[in-house]
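Please look over the structure below. This report takes up a few of its local features in turn.

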Amino acid sequence: MDADAPELPVSPLDVLRKRRSAKWRTYPADVLPLTVAEMDFDLAAPVAEALREAVERSDAGYAMPGPDLGQALAAFAASRWDWEIDPMSVMAVTDVGVGVVELLRPLIRPGDAVVISPPVYPPFFDWVAEAGARRLEVPLAHDAAGWRLDLAALETAFAAHPAAYVLCNPHNPVGRVHAAGELATLVQLAQAHRVTLISDEIHGPMVLPGATFTPLLTVPGAAEVAVSVLSASKAWNLAGLKCAVVVTAAPSMAALAGRFPADTRWRVGHLGVIATIAAFTAGEPWLDQLLATLGHRRARLAGLLRQRLPMLTWDPPEATYLAWLNCTALGPGDKARELFLERGRVALEPGPRFGAVGSGYARLNFATSDDILDQATARMALSVT
Ligand SMILES: Cc1ncc(COP(=O)(O)O)c(C=O)c1O
């Protein structure tokens, strides 16, 4: 990664407010939204260009993902992470959620459990229910070194023979990049107890300076027990275009993907496929700029919180642009987020949505400008004085 890449600019608020995506439509115009995982930066030039060309061709029909999608991901994964992917093992799906649910369905027998580790991206709870399983929660552990997988508790949970574990790698909302050694232990546990690992690696490209991402399928022995679900949609801000990929590396896991409903391929976004190929093939220089920018924003946020909101604590994330703020000093449940919204007109994601262990927490999205972060933290500070 090029740490000296120039920072990405952010348009002024009146321009951002013209966007019609969820981030900009959920709250009234006087609220600064630091909520849903969308970024305020402009699209990467090669991605914008590919989309513009598609519009100029009136090329807005159904998607027909071909080998170019798998080849684009394979080349990116090899150069970025030393991960050798067989392009033919890459299958397009509508989004990561659809990929995870469709992978879970054939694994689940009546009464089966699926394990997740809160605090975690709220749809994990819904995906398990949608696939027809019981939820078994093994919360992350937290100590002075930060958040991590609770491998001892996962071992106990795996011994009860759940159908699967849905891993968040890196982990939203805490931004933890699981270490290669932890993932190796996880794979051993999965092998020993015959638990399938489904690794949501949507944040994989968004590992900030100082940390190293380990794709689960690069861990020895993982191929037979694990599937990865990836997308360009977080790192290149393409969530509305609807394209993600399921990656497998052994016949038994490919068979799971082979059982997806036949119609699945018609549900992928055509512009999503076009943008994803552009991102993986020509979007790396922009990604480096993004990561350098987010690294600076993380440091800036640390300073602002220390100065203005010293009652909040956090472990700065190793990946993502999400800050998981411990606001318990301001009250339990959703109290702090309500104060920030009602008095400060700053919207954060409510911690309890990420599981019961999220009581007293809030998640802040710092993929924005220094100026907006400055305004937001000033207003948050005023709202609690
Ligand atoms: C961990 C994680 N998985 C999945 C998603 C959403 O992915 P998709 O829109 O492709 O389902 C997000 C969005 O923020 C996320 O953080």
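## A residue in α3

Glu 49 is found in helix α3, residues 45-56. Helices (H or I, at least four residues) and strands (E, at least two) are DSSP runs, numbered from the N terminus. The model is predicted: local features need pLDDT of at least 70, side-chain atom pairs count only at pLDDT 80 or more, and totals for chains, interfaces and linings use all residues. Residues are numbered from 1 along each chain as its sequence is written, and side-chain values use heavy atoms, with hydrogens and water left out.

Buried means under 20% relative accessible area, exposed over 50%, and partly exposed in between (1.4 Å probe, protein chains only). The side chains of Glu 49 and Arg 52 are joined by a polar contact of 2.8 Å. A polar contact is a pair of N or O atoms within 3.5 Å; within protein, one must be able to donate a hydrogen and the other to accept it, and residues adjacent in sequence count only if both atoms are side-chain atoms. Between the C-alpha atoms of Glu 49 and His 203 there are 24 Å, with the two residues 154 apart along the chain.

## Around the ligand

His 203 is one of the residues around the ligand. Others include Tyr 121, Trp 127, Cys 168 and Asn 172. The cut-off here is a heavy atom within 4 Å.

A polar side-chain atom of Asp 200 lies 2.5 Å from a ligand nitrogen atom. A polar side-chain atom of Lys 234 is 3.1 Å from a ligand oxygen atom. Gly 97 uses its backbone: an N or O atom there lies 3.0 Å from an oxygen atom of the ligand. On its own, the ligand has 400 Å² of accessible area, and the protein covers 92% of that (Shrake-Rupley method, 1.4 Å probe).

## A three-stranded sheet

An open sheet of 3 strands runs in the order β11-β14-β13, with antiparallel pairing. Its edge strands are β11 (322-326) and β13 (349-350), and each pairs on one side only. Strands pair if DSSP finds at least two bridges between them. β13 and β14 (residues 361-365) have 2 bridges. Glu 349 stands opposite Arg 363 in β14.

## Helix α13

The buried residues of α13 are Ile 372, Leu 373, Ala 376, Thr 377, Met 380, Ala 381 and Ser 383. They lie on the same side of α13 because they cover an arc of only 165° around the axis. The arc is taken from the directions from the helix axis to the C-beta atoms.
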